[in-house]
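Please open the model in your viewer and keep the selection panel at hand. The tour moves from one selection to the next and says what is there at each stop.

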Amino acid sequence: MEQNTDLSGGTRGEAPASSAVLRPGAPDAAIIPPTPQASSLHPANRRYSVAPAPEKALVLADWLEASKAADVTVIDVTGLNPCMDALIVATATSARHARALADGLLEQSRLHEYEYLRMEGYQAGQWVLVDLNDVVVHLFLTETRELYRIEALWRDAPFLRSPAPARQAADGPDDPDGMKRIHAAPAENVF
């Protein structure tokens with residue numbers, strides 16, 4: 001019988017090494033060597049950036065502004081929200097622009113080794129949410145952003161970057177919490 005060395009360091013016909021894995025029902029040649037486990041004790045094994053979330057958010061906000069996103073806002077929600085540490089809100093000029101910004105964010109995440117979890121709303125493009133684990137990015141069309149005004153939910157959190165002064169001036173002094181009040185105008189009699 002010919003003895004060939006397999007990947008586990010053993011030989012065919014012998015019992016596999018204790019750290020190797022044998023798939024049930026597979027021939028002896030299908031022994032899989034153990035894979036090294038990533039550990040926080042070994043930074044060389046880290047796959048993603050360890051930069052703090054506010055720093056990541058500012059890097060992504062700079063890229064969004066360079067990519068013509070409007071009214072880019074960065075909010076530090078560290079300790080206020082268990083799901084994220086930073087929030088970015090930006091306005092796109094069209095659904096196509098929102099999708100292009102979302103695609104660009106994925107590329108920036110790859111380049112900077114930021115973790116990407118998921119994306120929602122990409123097809124419609126009116127509100128695209130990009131979840132980068134500790135940083136969540138909301139890309140809105142103008143009408144959708146004005147409708148939801150999610151920045152107002154975090155008014156007690158520190159703003160690392162605020163929108164342009166022109167947008168803040170539009171809210172006016174009678175709107176201290178940034179929530180425009182909608183008053184229904186009386187309907188005109190059209191008959």
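**Stop one: a histidine in a helix**

Select His97, whose place is in helix 2 (residues 95-112); helices here are DSSP runs of H or I with at least four residues, strands are runs of E with at least two, and both are numbered from the N terminus. This is a predicted model, in which local features need pLDDT of at least 70 and side-chain atom pairs count only at pLDDT 80 or more, while totals for chains, interfaces and linings use all residues. Residues are numbered from 1 along each chain as its sequence is written, and side-chain values use heavy atoms, with hydrogens and water left out.

His97 has a relative accessible area of 15% and is therefore buried, where buried means under 20%, exposed over 50% and partly exposed in between, with a 1.4 Å probe and protein chains only. If neighbours within four places in sequence are left aside, His97 is in contact (heavy atoms within 4.5 Å) with Ser67, Lys68, Ala69 and Ala92.

**Stop two: the nonpolar cores**

Next, select Leu64, Ile88, Val130, Val135, Val137 and Leu139, the residues with the most contacts inside the largest nonpolar core, which has 25 residues. A nonpolar core is a set of buried Ala, Val, Leu, Ile, Met, Phe, Trp, Tyr and Cys residues joined through side-chain atoms within 4.5 Å. Two or more residues of this core come from each of helix 1 (53-66), strand 3 (70-76), strand 4 (86-92), helix 2, strand 6 (127-131) and strand 7 (135-141), and helix 1 gives the largest share, five residues. Apart from this core lies another, of 10 residues, among them Val77, Val89, Phe140 and Ala157.

Centre the view on Val130, whose contacts, with neighbours within four places in sequence left aside, include Ala102, Leu105, Tyr116 and Met119.

**Stop three: the paired strands**

Staying with Val130, follow its bridge to Val137, the partner in strand 7. Strand 6 and strand 7 pair in the antiparallel sense over five bridges, pairing being assigned if DSSP finds at least two bridges between two strands. The hairpin that they form has three residues between the strands, and in this hairpin Asn133 takes a positive phi near 70°.

On strand 6, select Leu129 as well, which is the bridge partner of Glu120. Strand 5 (residues 118-120) pairs with strand 6 in the antiparallel sense over three bridges, and in their hairpin, with six residues between the strands, Gly121 takes a positive phi near 80°.

**Stop four: the aromatic cluster**

Which residues form one aromatic cluster? Select Trp127, Phe140 and Tyr148 to display it. A search of the whole structure finds two aromatic pairs, a pair being rings of Phe, Tyr and Trp (its six-membered ring) with centres within 6.5 Å, called stacked if the planes are under 30 degrees apart, edge-to-face if over 60 and tilted otherwise.

Trp127 and Phe140 form a tilted pair, at 4.7 Å centre to centre and 40° between the planes. Because Trp127 lies in strand 6 and Phe140 in strand 7, this pair ties together parts that are 13 residues apart in sequence. Trp127 is partly exposed at 29% relative accessible area, whereas Phe140 is buried at 1%.

The rings of Trp127 and Tyr148 have their centres 4.9 Å apart and their planes at 45°, so this pair is tilted. Tyr148 lies in helix 3 (residues 142-148) and Trp127 in strand 6, so the pair ties together parts 21 residues apart in sequence. Finally, colour Tyr148 by accessibility: this residue is partly exposed, with a relative accessible area of 44%.
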